[in-house]
Amino acid sequence: MRIGICGAHRTGKTTLARALAESTGLTLMDAGVSAVFRELGLEPSRTLSFADRMRVQDAILAKYLNLMAGAENVVIDRTPIDFIGYLLADLNQDHYREEGASQWVAEYIERCLEAARQTMSFVIFVSPGVPLEMAEGKGLVDPGYIRGVHWLMRGALSDSGVAHDYLPTSYTD
């Protein structure tokens, strides 16, 4: 059993993953997305160039695949669906003007969808609802941005073919 917790940042994914691991005996895995940004010398709340966005997205997916290789009976606090949502939320028209950008984006999305299908038994999608709190090294804390990321992830998840269910916004404790 491999359960992924999916959703925008600052929605309680890691807290939920920790509680689920404690109550079920599953092993908690931390996708460590913030650590990837730090390792690359990048800030998650800043706008990135297309080259930096590609670097970070590739590194995040590689780290995830490495963590999930051979993993069983785990719960992880991010999924490849999250990676799709953030990629799409953070690109703008100028990024798509870069040579090869459209093809790279399409291929990255397909790699993430395939990774989700191969590594997830079930995904729990967490809706925004908990009070937002700033934290160093975390993504932009803006309700509009978080809601946009949420809807991009929801669309990707519904198209993924991965078994999933939704935690409503009203579930905040």
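Before selecting anything, a word on axes: they are lines fitted to C-alpha atoms, for helices over the stretch in contact, with angles running from 0 to 180 degrees between N-to-C directions. Helices here are DSSP runs (H or I, at least four residues), numbered from the N terminus. You're looking at a predicted model, where local features need pLDDT of at least 70, side-chain atom pairs count only at pLDDT 80 or more, and totals for chains, interfaces and linings use all residues. Residues are numbered from 1 along each chain as its sequence is written, and side-chain values use heavy atoms, with hydrogens and water left out.

**Stop one: two helices**

Select residues 50-68, helix α3, together with residues 101-119, helix α6. Their axes come within 11 Å and cross at roughly 15°. That makes α3 roughly parallel to α6 (angles under 35 degrees count as roughly parallel). The crossing of α3 past α6 is left-handed, meaning that the near helix is turned anticlockwise from the far one by less than a right angle.

Now show side chains along the contact (heavy atoms within 4.5 Å). From α3, pick Phe50, Met54, Gln57, Asp58, Leu61, Tyr64, Leu65 and Met68; they meet Ala101, Trp104, Val105, Tyr108, Arg111, Cys112, Ala115 and Thr119 of α6. Sorted by class, the contact has 12 nonpolar, 2 polar and 2 charged residues (Ala, Val, Leu, Ile, Met, Phe, Trp, Tyr, Cys and Pro count as nonpolar, Asp, Glu, Lys and Arg as charged, the others, Gly among them, as polar).

**Stop two: the rings**

How many aromatic pairs does a search of the whole structure find? It finds 4, where rings of Phe, Tyr and Trp (its six-membered ring) pair if their centres lie within 6.5 Å; planes under 30 degrees apart count as stacked, over 60 as edge-to-face and the rest as tilted.

Zoom in on Phe50 and Trp104: the ring centres are 5.8 Å apart with planes at 90°, so this pair is edge-to-face. It links distant parts of the chain, with Phe50 in α3 and Trp104 in α6, 54 residues apart.

Colour by relative accessible area next, with buried meaning under 20% (1.4 Å probe, protein chains only). Phe50 is buried at 3%, Trp104 is buried at 13%, and Tyr108 is buried at 0%.

**Last stop: α4**

Select residues 80-90, helix α4: 9 of its 11 residues are buried, so it is largely enclosed by the rest of the structure. Among the buried ones are Pro80, Phe83, Tyr86 and Asp90.

Terms used: Parallel < 35°, antiparallel > 145°, perpendicular 65-115°, else oblique. Buried < 20%, exposed > 50% of the residue type's maximum accessible area, 1.4 Å probe, protein only.
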